Amino acid sequence: MTLAPLLQATLDPVQRESAEAQLASYAEQSFPTYVGMLAQEVASENNGLHIRQAAALALKNALSAKESPRKEELATRWVQTDAPAKSAIKAAVLQTLASTETRAGYFAAQVIQALAEIELPRGEWPELIPAMLDNVTKTDSITLKQASLQALGLICETVDPNTLTQHANAILTAVVSGARKEEPSSDVQIAALSALYNSLEFVRANFDNVGERNYIMQVVCEATRSASLPVQVAAFENLVKIMSLYYAYMDQYMTKALGPLTFWGMKHEEEDIVLQAIEFWSTVCEEEIDIDAEFEQNAEDDVETSRAHHHFAQTAVAELVDALWWLMTKKEEDDDEDEWNVSMAAATCLSLLAAAARDQVVAPVLTFVQQHIQSSDWRYKEASVMAFGSIMDGPNPDLLGPLVIQAMPVLIVMMKESIVQVKDTTAWTLGRICEILPHFIQPEVLPNLIAAILSGLDDTSRVASNCAWALMNLGETLGAAEQDTDSSTLSPFFETAVFALNSAAERPQQDPNFRASAYEAVSTLVAHSAADCLDVVNKLAILILDRLEHTIAMQNQLVSADDRRAHYELQSNLCGVMSSVVRRLASHIVPIADRTMQALLMIMSSASKASTVMEDAFLAVGALTTALKADFARYMGAFTPFLYGALQNHEEHQMCSIAVGLVGDLSRSLGEQILPYCDTLMNILIADLQNPALSKDVKPSILSAFGDIALAIGENFAAYLEIIMAVLQQAGSMASLTMTTSYDYEYGNQLREGIIEAYVGITQGMSTKPNVLANYGPQIFGFAQEVAAAHDRPPSVTAGLAGLIGDLASVLPLGQFKPLFSQDWIMCLLRSVKTDRSLEPDVKVTARWARENVRKHITA
């Protein structure tokens, strides 16, 4: 029997469904026979390439999947297959690597990748890597070498690096052998360099050895001068990753090899090589920015920094600025703004160079700016403005400030340029100044600046989007710092700005990206508006509500999918503005609260699952909940069906996460009025925790929500106490397991923070029934002690733990818990807060309060 006819049928749209169902039936009837037959179809030289490809795809899909539960299920099925069948399948695909058809060898490599991903972590198939090495070093067959190196590359890409470390020497020998300049086949070199790229993370021991490191660097550097363009590009890609992973060792190679090679690469005629050469220096700058940040942090903590800092960026700054500036002029009027190109890459690199070399970048950039900003060639003019905007973040503001003051009148005039690219970059540069150096915008210049930006809202969408961004930055930097501020620098311009943005966003056929930017700017301006702007915010609220209600009325008139998508995006944008308006007006929203909630309920009733409008509507409801507090109770009957549905929407975990956060908002706002809904809420939340289909990222916030509910309903939480304390105990064990077996410290600490917040809410909520809470004292103290002993505890966990101990000490009966409060770790933790520089002052105040309460128990 052959599967070829069925495989052929899977390629026919008419027969595909039936053929795939029959193949699935064969897999269920006898998996070993099925995968064995597929392997033979892959190996058969009599089959056409399309059949071999279909067989390889079906075989790979029988072994692996993207979804973790399904992937584990398929791996288990393979592991349980009898050894002779597995050996025959592996032999068939290994044999196919030597096929005279190059593509067939690659199909086999993909199957080998799927098999290796299952077997190598389990210590099985020990002969695989040695076989690959022999295929590369002991044969003259180009196709066998190429396919074997492709297989190694795929294995290195997907198998856990910790598993592959033991095979590092063999893998490295094979890939470096294939990458050498002596290799006659460029296809083999490309496959080898791709495999090397994927292996770099687990060959650290080889890079630690100076002899091996020198040889690897020699091979890669020589490959950058290959006659084959793809080989050159692959070699430069390796240099970029090597710099990222092994910066500390690069000092000895930079002056004689890496520097000259990459500057040569930036002058190359092939764009792919230029891009990689620029990316190399961007990576250098990123590494040195990270090192500088580490030095600064360690200096604050009085800790010595062990990382080497070679100051490559500062050393090369003049030559690098020269190379980057000329590359920034490589633009055409019809360039696609969404397509990554040389000028974009160069500008990005210059921004990173400014952050890495700081003050040293200013003089060389200024030379080009002063020379070319008035050039008759628009490319030079645009590059000058881009260069100036790119160095706003990094150098000392006191050095840049006078330059900004001098440049502002010139830039404002340039907003009237006829060339769109120049105007666009000018708007972006003004936005950068508004974001980073706003206090150098002189009062007499501000009206002209805002006028120029507002006029840009009527320009092309790319110019208008940057103008909206500039206004948003002005709102954040020059708007009111606190909501009770009487007035701000932007107050005189507030009404004109928000209504100009709104008008620009409302234009028919408006670009959706600009519309989103415009409404985001409106939201920011509202959020940072002073008290003297509240009347305008009220007017805006009515305008946005009118617009929302209009979109609801238009709902049934939408015909095409594009129309519906644009419609839902507009509703999302309007809900976002409404959230900001409600938060700013707070209790002043009351006169239009009913109308607002009615509009949101109607939007939720008709929201598409494919859009984010439901998420934005929920966020607006959250803002309304906070503004109305207990008065929100009158909407609960209409809103809870949507809330319950969102909490059970496991497929859209972001939506579910927002709904969980809203449970906390409702609890804090409604207090005991949330009690009638608690049975349903608690059942859903507990079911969510137990559901493996729900993203784990939602689960810490669910734990925190238990605390919010407990705090809201007080002693009524006793009805849920037993089951929730069991859930929290289980979650604590899960957090420890996650950190000790999966080494996922970030998620483990998120769980612990959620548990702490739950315990805090429960402790405070049950304060009127301390004896009931006392039954769980040992559980809570045991968890707290385990967390206190952790060395990888982030500041947020430490802060929560100090508060929890203080709450326990203030609520639990004196004398009964003296042995627990007398444990050394408690005072040790609370005293450590005093000297921990990473903690905010209010945490230190909390820890002092906690110490005082703990002492009462110790001395009782």
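## Helix α6 and its buried side

A residue is called buried here when its relative accessible area is under 20%, and exposed when that area is over 50%. By this criterion, in a model that is predicted, the buried residues of α6 are Ala85, Lys86, Ile89, Lys90, Ala92, Val93 and Thr96. Because these residues cover an arc of only 160 degrees around the axis, they lie on the same side of α6. The exposed residues Pro84 and Gln95 are carried by the face of α6 that is turned away from this buried side. The cover over the buried residues of α6 includes α3 (31-43), α4 (49-63), α5 (68-79) and α7 (102-119).

Helix α6 itself runs over residues 83-96, and its 14 residues reach 20 Å from the first C-alpha to the last, which is close to the 20 Å expected at 1.5 Å a residue. The N-terminal end of α6 is capped by aspartate 82, from which a side-chain oxygen lies 3.1 Å from the backbone nitrogen of alanine 85.

## Helices α38 and α40

Two packed helices are described by the angle between their axes and the distance between the axes. For helix α38 (residues 745-765) and helix α40 (residues 777-788), the packing angle is about 145 degrees and the axes are 12 Å apart. The contact is made on the α38 side by Arg752, Ile755, Ile756 and Tyr759, and on the α40 side by Gln779, Ile780, Phe783, Glu786 and Val787. In this arrangement α38 passes α40 in a left-handed crossing.

Among the residues of α40, Gly777, Gln779, Ile780, Phe781, Phe783, Ala784, Val787 and Ala788 are buried. These buried residues pack against α38 and also against α37 (718-741), α39 (770-774), α41 (795-811), α42 (818-821) and α43 (824-835).

## Tyrosine 747 in helix α38

Helix α38 also holds tyrosine 747, which counts as buried because its relative accessibility is 8%. Leaving aside neighbours within four places in sequence, tyrosine 747 is in contact with Lys696, Asp697, Lys699, Pro700 and Thr738. Glutamine 297, which is 450 residues from tyrosine 747 along the chain, has its C-alpha atom separated from that of the tyrosine by 24 Å.

## Residues with positive phi

Most residues other than glycine have a negative phi. Tryptophan 125, although it is not a glycine, has a positive phi of about 55 degrees. This tryptophan is found in the loop between α7 and α8 (128-137), and its relative accessibility of 3% means that tryptophan 125 counts as buried.

Histidine 311 is likewise not a glycine and has a positive phi of about 55 degrees. Its place is in the loop between α17 (271-301) and α18 (312-315), and with 34% relative accessibility histidine 311 counts as partly exposed. A further positive phi, near 55 degrees, belongs to lysine 629, the residue that follows α32.

## Helix α32

Helix α32 (residues 613-628) has 16 residues and reaches 22 Å from its first C-alpha to its last, close to the 22 Å expected at 1.5 Å a residue. The helix is mostly covered, in that 13 of its 16 residues are buried.

Asparagine 238 has its place in helix α15 (residues 229-246), and with a relative accessible area of 0% asparagine 238 is buried. When residues up to four places away in sequence are not counted, asparagine 238 touches Leu193, Leu196, Tyr197, Leu200 and Val220.

Proline 492, found in helix α27 (residues 491-506), is exposed, with a relative accessible area of 62%. Proline 447 is 45 residues from proline 492 in sequence, and in space the two are 9.5 Å apart, C-alpha to C-alpha.

Definitions and conventions:
Residues are numbered from 1 along each chain as its sequence is written. This is a predicted model: local features need pLDDT of at least 70, side-chain atom pairs count only at pLDDT 80 or more; totals for chains, interfaces and linings use all residues. Side-chain values use heavy atoms; hydrogens and water are left out. Helices (H or I, at least four residues) and strands (E, at least two) are DSSP runs, numbered from the N terminus. The expected span of a helix is 1.5 Å times one less than its number of residues. Buried means under 20% relative accessible area, exposed over 50%, partly exposed in between (1.4 Å probe, protein chains only). The arc is that of the directions from the helix axis to the C-beta atoms. Contact means heavy atoms within 4.5 Å. A polar contact is a pair of N or O atoms within 3.5 Å; within protein, one must be able to donate a hydrogen and the other to accept it, and residues adjacent in sequence count only if both atoms are side-chain atoms. Axes are lines fitted to C-alpha atoms, for helices over the stretch in contact, and angles run from 0 to 180 degrees between N-to-C directions. A crossing is left-handed if the near helix is turned anticlockwise from the far one by less than a right angle, and right-handed if clockwise.
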